[in-house]
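The entries follow the order in which I looked things up.

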Amino acid sequence: MSQQNYLLIICDQLSAAALSFYGNTYSRTPNLDKLASRSAIFEYAYTPCPLCQPARASFWTSKYPHETNVRTNLPLQRLPFYKDAPDADPRVFSALSDQIPAMGELFSQAGYTCVHFGKTHDYGALRGFQVIPSEEIHIERSNPSIQFDYETYLDIDTTRKTVSWLNSQAGNLKAPFLAVADLQNPHNICGYIGENQNGHNPAAYKLDRELPPLPDNFEFDDIENRPEFIQYLCCAHRRQRHASHWTPEDYRYYLYAYYYYLSMVDGQIGEILNALEHSGKSDDTIVIFFADHGEGMGAHHLVTKYGVFYEESNRVPLLFALPGTKINRRIGGVSSLLDLLPTMLDFSHIPVSFDCKFSGHSQADVLRGKASSSASPYAAAEWQDEFRDYTVPGRMICDESYKYVCYLEPDSEELYDLSHDRLEQKNLARLPQYAPVLAKYRALLETHLAKTNDDFKHLACSDITAYRKHPLGFCRHEGLSAVEIYGKSIRK
């Protein structure tokens, strides 16, 4: 077995579109830029779900959410997901099965010291890691109008503990290590949106630069041509409801705050990478950087994530910095966070049992230069619900050419030509001339559903008759969102 170490650095809610090495011209991330300059950069990597808990259970196990059965952000409990399923149905929401091997288990069984710092939200998928508890370290706001909450406070603790461990223990270990720095930011943008739901006060801001521009796909020119779930996303999620009456200038302030949180976490990543260098282990350590899912970033007037499969929410950064590599390489094709575990096992020559089947693909050959592009033929993603009460299951499948999306509501398909419309401004699903392409990707999804035993077609949708009553357009939203109403009912 190879004695290669691993340092995984994870961000929460970071879109590939926010980073300069994916083409962003506004963000300031000198530490990530430096890491990218010596990394293999996967051009089009996708999350298996645009939501924290399902995505994390998936990438720790290389299983889709329907395979882990971690489908929402709900706490551990049993809730029916199937049509006409009784509450006692054993298939309903439950913790990750012991029969599904996870990264920490496989590497610890192979002799690795496995330690995890920071955000968990894993639903049992961190088995095999020594999970170091996190605590909030409060600091004052550095900009009076940009709030800090638990995400920022926990990141300070995660950074300090990761740096301390690398400085004091990594260099003394006899066994190879797998260390994880699981950072929360720029997820703090969620709380920021809530704090500024009534709009921004420009006079209160301490700006250190001009506000960022709006994205080229900010305007939602064909909202009437999207699935109804997308048209009325403001009825589903509180953060989209909070932003529903924002002006374009409000969106620019929100983007400024998002880049602000990103800059903060980039500084902490720099501290962690410096600690690895000082530990004397950098020449023996593969550094992997990625995010669990993306962020709406104002594209199509969307904020955060929640059930959409657009590039900003689903395309995530994925970097592999291999020891001895000095120049970055761009890896074409599509890939998935599900590829993470089989790739690492392949690199470390860790055998797995015959019945240990992963849904991801090993990317070891392309990283070693033995292949020209990603080993994944397509990328797929899933959506169920964030908590409960607005369940509209959806599936996405894409390659470099097209992206196909289907929700379990009538007339709810999307098709985008990614070669010519990466901004996803024109839904082609209803255009007769694209019927052959639509049929091809429908068939690709059907094949994927059968191959992975996906129960998508058997899932239930919520009764949404209490919502979607206002005229079309986020700016016309009225009342609370489903998430907020459900939260009130829970508290009662």
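I began with the largest cavity, which is lined by Cys49, Pro65, His66, Arg71, Glu382, Trp383, Gln384 and Arg395. On a 1 Å grid over the protein atoms alone, a cavity is a set of points where a 1.4 Å probe fits but cannot get out, a pocket is an open set with protein on both sides within 12 Å along at least five of seven lines, and lining residues have an atom within 4 Å of a point. The model is predicted: local features need pLDDT of at least 70 and side-chain atom pairs 80 or more, while totals for chains, interfaces and linings use all residues. Residues are numbered from 1 along each chain as its sequence is written, and side-chain values use heavy atoms, without hydrogens or water.

I noted a volume of about 40 Å³ for the largest cavity (the space filled by probe spheres set on the points, which are joined across faces, edges and corners). Both α3 (65–68) and β10 (379–383) supply at least two residues of its lining (DSSP runs: helices H or I, at least four residues; strands E, at least two; numbered from the N terminus).

I then turned to the largest pocket, with a volume of about 520 Å³. Of its 23 lining residues, Ala17, Asn24, Pro215, Asp216 and Met297 lie nearest the centre. Helices α10 (248–279) and α11 (311–314) each supply at least two lining residues.

Finally, I checked Leu8 for contacts (heavy atoms within 4.5 Å). Beyond its neighbours within four places in sequence, its partners include Trp60, Met103, Ile288 and Phe290.
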